[in-house]
Amino acid sequence: MPRALFLPLLLLLLLAACANRPGDSDIQRQVTERLLREGGSLYTVENFRKVNGFEPSQNVYVADVAYDLVFQKSLADLALNLRDQNDPLLAGLDLMALGLKYGQFQAGERRPRTEQVTFHKTEQGWLLQNNR
């Protein structure tokens, strides 16, 4: 094989192998969407970054991500809003679950978080698995 064709073919194969993972922007979008679904308007997600990643098997990609949760309301503010609920018992249970998950938090408080997320390659592209 002529040397002039070998190098471009090698580069093409390397690029194809590297593309077999979700893009960083796709990872950020899917993880952020999941976090906002879970937290509603309780917090915003800032400073998202993919720290590392690996492919444990074909069509599976695991990414280590880090981000900050910035709380928009305090746990105490949420407790004050309980009296506005139709069913205070259910609202109280929700409040207790938030307290267990995040502890005490204040409005404007920034909490750094890290997690490992798994993506599976499907016919519709790379999809985040619910591994929580």
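Predicted model: local features only at pLDDT ≥ 70, side-chain atom pairs only at ≥ 80, totals over all residues.
Stop 1: Start by selecting the four strands, which make an open sheet ordered β1-β2-β3-β4. Their pairing is antiparallel. Now colour residues 43-57 and 125-128: these are β1 and β4, the edge strands, and each of them pairs on one side only. Turn the view to follow the twist, which averages 30° from one strand to the next. As background, strands of a sheet pair through backbone hydrogen bonds, either parallel or antiparallel.

**Stop 2: the β2 and β3 pair.** Next, select residues 60-71 for β2 and residues 110-122 for β3; eleven bridges join these two strands in the antiparallel sense. To pick out one bridge, show A63 together with V117, its partner in β3.

**Stop 3**

**Stop 4: V62.** Go back to β2 and select V62, a residue of that strand. Is V62 buried or exposed? V62 counts as buried because its relative accessible area is 7%, and the cut-off for buried is under 20%.

What is V62 in contact with, once neighbours within four places in sequence are left aside? Show N52, G53, F54 and P56, then Q116, V117 and T118.

**Last stop: a distance.** Finish by drawing a C-alpha to C-alpha line from V62 to L128: the two are 66 residues apart in sequence and 9.6 Å apart in space.

Technical notes
Residues numbered from 1 in each chain as written. Heavy atoms only, no water. Pairing = 2+ DSSP bridges. Axes fitted to C-alpha atoms, helices over the stretch in contact; angles between N-to-C directions. Buried < 20%, exposed > 50% of the residue type's maximum accessible area, 1.4 Å probe, protein only. Contact = heavy atoms within 4.5 Å.
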